[in-house]
Amino acid sequence: MKTLIIYRSFLGSSRKYAEWLHEAVPSNLIKFSKANARVLEAYDTVVMFGGTYMYRPSLLGYVKKNWKALQSKRVVFVTVAGAPEIDQVSVKVYANVPENIRTAVRHFHLRGKAGKQNADEVTKEKIQPIADYLLGK
Ligand SMILES: Cc1cc2nc3c(=O)[nH]c(=O)nc-3n(C[C@H](O)[C@H](O)[C@H](O)COP(=O)(O)O)c2cc1C
């Protein structure tokens, strides 16, 4: 199983989580902008971390654009956001992902920080459920 971890991060939380996951599971780690369809070909698992901005997952365009290359793979889509997962805001944000993608990926939601807001939410332990899922635990 070859695993690629990609991230899109403006404020740093998605990058931090991606780096921690990379330390926890055998994988390669790159920025989303380098992960074109040809790069994706080499992997059977792709994990993506991206922040949430103005009610949209920042990797929404990327996942839609590359869905043809991704659809045959195990895809883990991690939304990083200010709001917690159960918040209606987060439910609304995730509903922006087309249904055919939503039903095919494994989704995780993690809280990120914005300046001092939620600063102590971003911890290494948060990636454990994702690592366990990838390692089949
Ligand atoms: C301009 C702006 C808009 C944001 N919009 C949302 C939003 O709609 N929903 C949400 O839950 N969080 C929102 N956030 C919080 C970010 O998702 C959060 O800070 C996250 O950690 C960003 O990911 P990054 O650190 O990887 O860039 C927003 C933050 C900023 C600065």
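The model is predicted: local features need pLDDT of at least 70 and side-chain atom pairs count only at pLDDT 80 or more, while totals for chains, interfaces and linings use all residues. Residues are numbered from 1 along each chain as its sequence is written.

Met54 lies in the loop between E3 and E4, and Tyr55 is found in that loop too. Strands (E, at least two residues) and helices (H or I, at least four) are DSSP runs numbered from the N terminus. Most residues other than glycine have a negative phi. Met54, not a glycine, has a positive phi, and phi of Tyr55 is likewise positive.

| Residue | Phi | C-beta atoms within 10 Å |
|---|---|---|
| Tyr55 | near 65° | 13 |

Leu59 is placed in the loop between strand E4 (56-57) and helix H3 (60-65). Leu59 is buried, since 25 other C-beta atoms lie within 10 Å. Phe77 is 18 residues from Leu59 in sequence, and their C-alpha atoms are 8.9 Å apart.

Strand E5 (residues 74-81) is largely enclosed by the rest of the structure, because 7 of its 8 residues are buried. Strands pair if DSSP finds at least two bridges between them. E5 runs parallel to strand E3 (residues 45-53), with 7 bridges joining them, and pairs in the parallel sense with strand E6 (residues 106-111) over 6 bridges. Val80 of E5 is the bridge partner of Gly51, and Leu110 in E6 is the bridge partner of Val80.

Definitions and conventions
A residue is buried if 20 or more other C-beta atoms lie within 10 Å of its own, exposed if 12 or fewer, and partly exposed in between; C-beta atoms are placed from the backbone.
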